[in-house]
Amino acid sequence: MNLVFLGPPGAGKGTIAKVAKEALGVPHISTGDLFRANIKNETELGKRVKEILASGGLVPDEITIKMVENRLSESDCEKGYILDGFPRTIPQAEALSKMSNVEGVINFVLSEEEIIKRLSGRRMCPSTGRTYHILFNPPKVEGIDDETGEPLIQRDDDKPEAIRHRLELYNEATAPLIDYYKAKDVVLDLICTNDPKETEDNFFALIKDRK
């Protein structure tokens with residue numbers, strides 16, 4: 001089954017993708033992972049991406065599209081895939097339509113208030129990167145890392161004002177994509193709740209009729 005995941009930061013795309021790829025027997029493909037793999041393997045595309053990122057530039061569509069095309073040609077994609085982080089633009093969506101038939105676009109739906117609560121509650125140990133959540137996964141002692149005893153920090157991009165800005169950018173970029181895919185009748189709205197199992201059940205109920 002060929003799926004695209006669309007959703008704001010904090011929606012839980014990675015959590016659902018982990019469960020879905022096992023259940024469906026398809027790979028979870030994120031653009032971030034593709035960039036890192038190509039850079040690590042020193043492919044021609046990877047070398048170009050490394051230079052662009054080192055100079056502070058944005059990776060152009062044609063490179064991202066080519067990486068995705070190469071990845072979708074691999075044998076583990078024969079039964080389908082889950083694309084996460086691609087497409088981000090209408091030109092990318094049009095390019096994808098020439099490579100493959102998208103059967104479902106999972107649109108992760110949750111309120112801005114809930115997203116802010118999820119993301120602003122994250123805390124991190126500065127030396128190890130271990131993460132907690134003040135509501136859903138708190139440390140044993142409030143504000144202190146369980147293993148190192150260090151004070152936990154809140155990353156700048158997890159502060160409410162930064163989250164709101166990220167959501168504005170996401171909504172501006174994604175709204176046209178949702179309209180694009182709605183015109184193709186492949187958008188499936190996934191209602192996300194605080195219960196991971198309930199969200200999983202919602203996901204599998206959505207795709208049941210698309211299989």
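Q: In β3, which residue is the bridge partner of L3?
A: I82 is the bridge partner of L3. Bear in mind that this is a predicted model.

Q: How do β1 and β3 pair, and over how many bridges?
A: Strand β1, residues 2-6, pairs with β3 in the parallel sense. The pairing runs over four bridges.

Q: And β2 with β3, over how many bridges?
A: Three bridges, and the sense is parallel.

Q: Which residue stands opposite D84 there?
A: S30 stands opposite D84 in β3.

Q: What about the faces of β3, which residues sit on each side?
A: Y81 and L83 lie on one side. I82 and D84 lie on the other. All four are buried, so both faces are covered.

Q: What does the side chain of K13 reach, then?
A: The side chain of K13 reaches the backbone oxygen of P8 at 3.5 Å.

Q: Where does K13 lie, and what is K13 in contact with?
A: K13 lies in helix α1, residues 13-24. Leaving aside neighbours within four places in sequence, K13 is in contact with F5, L6, G7, P8, D84 and F108.

Q: Switching to α4. How far does the helix reach?
A: Helix α4 covers residues 61-72, which is 12 residues. From first C-alpha to last, α4 reaches 16 Å. That is close to the 16 Å expected at 1.5 Å a residue.

Q: Which α4 residues are buried?
A: I63, T64, I65, M67, V68, R71 and L72.

Q: What do they pack against?
A: The buried residues of α4 pack against β2, α2, α3, β3 and α5.

Q: OK, salt bridges. How many does the structure hold?
A: The structure holds 15 salt bridges.

Q: Which residue forms one with E114?
A: K117 does, with the closest N and O atoms 3.5 Å apart. Both residues lie in helix α6, residues 112-120. They are three residues apart, about one turn of the helix.

Q: Is E114 buried or exposed?
A: E114 is at 14% relative accessibility, so E114 counts as buried. K117 is at 36%, so K117 counts as partly exposed.

Q: What is the partner of R130?
A: R130 forms a salt bridge with E147, the closest N and O atoms being 2.8 Å apart. This pair links distant parts of the chain, 17 residues apart. R130 is in the loop between β5 and β6. E147 is in the loop between β6 and α7.

Q: How accessible are R130 and E147?
A: R130 is at 25%, so R130 counts as partly exposed. E147 has a relative accessible area of 64%, so E147 is exposed.

Q: And D158, which residue forms a salt bridge with D158?
A: R166, with the closest N and O atoms 4.0 Å apart. D158 counts as buried because its relative accessibility is 2%. R166 is partly exposed at 26%.

Q: Which residues are linked with D158 and R166 in a network?
A: R122, R155 and D157 are linked with D158 and R166 in a network of salt bridges.

Note on methods
Residues are numbered from 1 along each chain as its sequence is written. This is a predicted model: local features need pLDDT of at least 70, side-chain atom pairs count only at pLDDT 80 or more; totals for chains, interfaces and linings use all residues. Side-chain values use heavy atoms; hydrogens and water are left out. Helices (H or I, at least four residues) and strands (E, at least two) are DSSP runs, numbered from the N terminus. The expected span of a helix is 1.5 Å times one less than its number of residues. Buried means under 20% relative accessible area, exposed over 50%, partly exposed in between (1.4 Å probe, protein chains only). Contact means heavy atoms within 4.5 Å. A polar contact is a pair of N or O atoms within 3.5 Å; within protein, one must be able to donate a hydrogen and the other to accept it, and residues adjacent in sequence count only if both atoms are side-chain atoms. Two strands pair if DSSP finds at least two bridges between them. A salt bridge is a side-chain nitrogen of Lys or Arg within 4 Å of a carboxyl oxygen of Asp or Glu.
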